[in-house]
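I opened the model to look up a few residues and how their surroundings are built. My entries follow in the order in which I checked them.

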Amino acid sequence: MNSKFMNFLENMLLPIADKLNNNRYLSALRDGFMVALPLIIFGSIFVVIANFPFLDKMISEEAFTAYQNALGPASAATLSIMGVFVMIGIGYKLTEHYGGEAIYGGVVALAAFLIMTPQVLDGVSGVIPTSVLGAEGMFLGIFTAFISAELYRYFVKKDWTIKMPAGVPGAVSRSFSALIPITLTLTVFLLIRIIFSYTGFETVQNFIYSVIQQPLTVLGSGLPATIIAVLLIQVFWFFGLHGQIIINSVFDPIWYTLNDQNLTAFQAGTELPNIITKQFIDSFLVGMGGSGMTLAVIILIFMIGKSRQLKELGKLGAPAGLFNVNEPIIFGLPIIMNPLILIPWLVAPVVVTLITYFAMYSGIVPPPAGVIVPWTTPPILNGFLATGNAWQGGVLQAFNLLVVIVIWWPFLKILDKNYYETERKEAN
């Protein structure tokens, strides 16, 4: 029965995972977020610094306001307009995938998005609100980047380009070569904008936000969808596929949008609207030793391990595990295709997801504040920073580690016993 079940999972999930891994759009989406990540982390660091606990009680209100205003541009120029960096990254990476001039794929994606973005008239000129350059415009930016890169590639492939004579500098030649494809691509987006101005939505931005982004965001912020995503991460890892990358490719636009909503509320001092966010996943699941919270497994190895194999694995994996790098455990335990640990590997993250969600839902622990904490930040500190410098976040991570230890205990004991007996037989 166990073998049949394993074969069923393998035959069902591996083809899906393979397609997701090799899908050019999901790859470009994932890489686009990776391009933006250093900027996002930079902004998040200064949000944390600007909101140190009790600082407002230690200095005057005027000094505290001046302090926050001085640091404000760091997040305003990065976190608040993260959608801009993501769409440039997507356009760049998708064009690069096709072997084209990647930089033009990035800038045409940005220009197309700005053409589609509604402007607020101040009587003299048009002003683009920063809100539409962040979470609110994220989905429009993603679709725009995909379509603009495809259109640009299509026109280049048709060879509708200006050929410069030999001897012209390469940069000049490439610039003129991109002129007609970029002009045609941006003209398409301008026509789309004009057409939508005669509809009830008025702008593509309103259409995307109302029809696609809001429903998906509501779905992604719910507990059932989150549990499914967490389970799929674990299942893909079990079969040797990077579950985090696969699932993030699909869910990151939703989780980042929810994250940005929380950050805006946190900075304004109002109630945080979402529990499920990007940082909910990254801090309270991945941020405890890596996918599957394997820092708890390392701790348990030191507590009960008798076999030489597990003891050595614990020593090897501990330094990396403290910084949420868990490849030594994934491949050394091993977790991949190991039926002995399938149950705790799947169950523990779901249990922790439920505990974390209801701890935040009940108000015991503050929801994530929208601050992007670097994924290598050690547990406890990670939870403290993710919840806006709230000590309850660190305590919740510590409690969750204990829960994972309890769940893994009997299964790791069986695995350790098997390794120990095998080592004794080999020694004799």
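I looked up Tyr 154 first: its relative accessibility is 44%, so Tyr 154 counts as partly exposed (buried is under 20% relative accessible area, exposed over 50%, partly exposed in between, with a 1.4 Å probe and protein chains only). I note that this is a predicted model, in which local features need pLDDT of at least 70 and side-chain atom pairs count only at pLDDT 80 or more, while totals for chains, interfaces and linings use all residues. Residues are numbered from 1 along each chain as its sequence is written, and side-chain values use heavy atoms, with hydrogens and water left out.

Aromatic pairs. I found eleven of them in the structure (rings of Phe, Tyr and Trp, the last by its six-membered ring, pair if their centres lie within 6.5 Å; planes under 30 degrees apart are stacked, over 60 edge-to-face, the rest tilted). Tyr 154 and Trp 160 have ring centres 6.4 Å apart and planes at 85°, so I logged the pair as edge-to-face. Trp 160 is partly exposed, because its relative accessibility is 41%. Phe 201 and Phe 207 also form an edge-to-face pair, at 5.1 Å centre to centre and 85° between the planes. Phe 201 is partly exposed at 33% relative accessibility, and Phe 207 is partly exposed at 26%. I also recorded a cluster in which ring pairs link Tyr 154, Phe 155 and Trp 160.

Helix H7. Is Glu 150 buried or exposed? Glu 150 belongs to H7, residues 138–157 (helices are DSSP runs of H or I with at least four residues, numbered from the N terminus). Its relative accessibility is 19%, so Glu 150 counts as buried. Apart from neighbours within four places in sequence, Glu 150 contacts Arg 24, Tyr 25, Leu 94 and Tyr 98 (contact means heavy atoms within 4.5 Å). I then checked the ring of Tyr 98 and found the charged end of Arg 153 over it, 3.9 Å from its centre (NZ of Lys or CZ of Arg must be within 6 Å of the ring centre and within 35 degrees of the ring normal).

Helix H6. Met 116 is in H6, residues 102–116, and is buried with a relative accessible area of 5%. Leaving aside neighbours within four places in sequence, its contacts are Leu 140, Phe 189, Ile 192, Arg 193, Val 204 and Gln 205.

Helix H14. This helix covers residues 308–321, and its 14 residues reach 19 Å from first C-alpha to last, close to the 20 Å expected at 1.5 Å a residue (the expected span is 1.5 Å times one less than the number of residues). Where is the kink in H14? I located it at Lys 315, about 25°, shortly before the proline Pro 319 (the bend is the angle between axes fitted to the seven residues ending at a residue and the seven starting there). Its buried residues are Leu 310, Leu 313, Gly 314, Gly 317, Ala 318 and Gly 321. Helices H13 (295–304), H15 (327–332) and H18 (391–427) are among what covers them.

Core. The largest nonpolar core has 113 residues, of which Leu 333, Trp 345, Trp 408 and Leu 412 touch the most other members (a core is a set of buried Ala, Val, Leu, Ile, Met, Phe, Trp, Tyr and Cys residues joined through side-chain atoms within 4.5 Å). Beyond neighbours within four places in sequence, Leu 333 has contacts including Leu 310, Leu 313, Trp 408 and Leu 412.

Technical notes:
Helix = DSSP H or I, 4+ residues; strand = E, 2+ residues; numbered from the N terminus.
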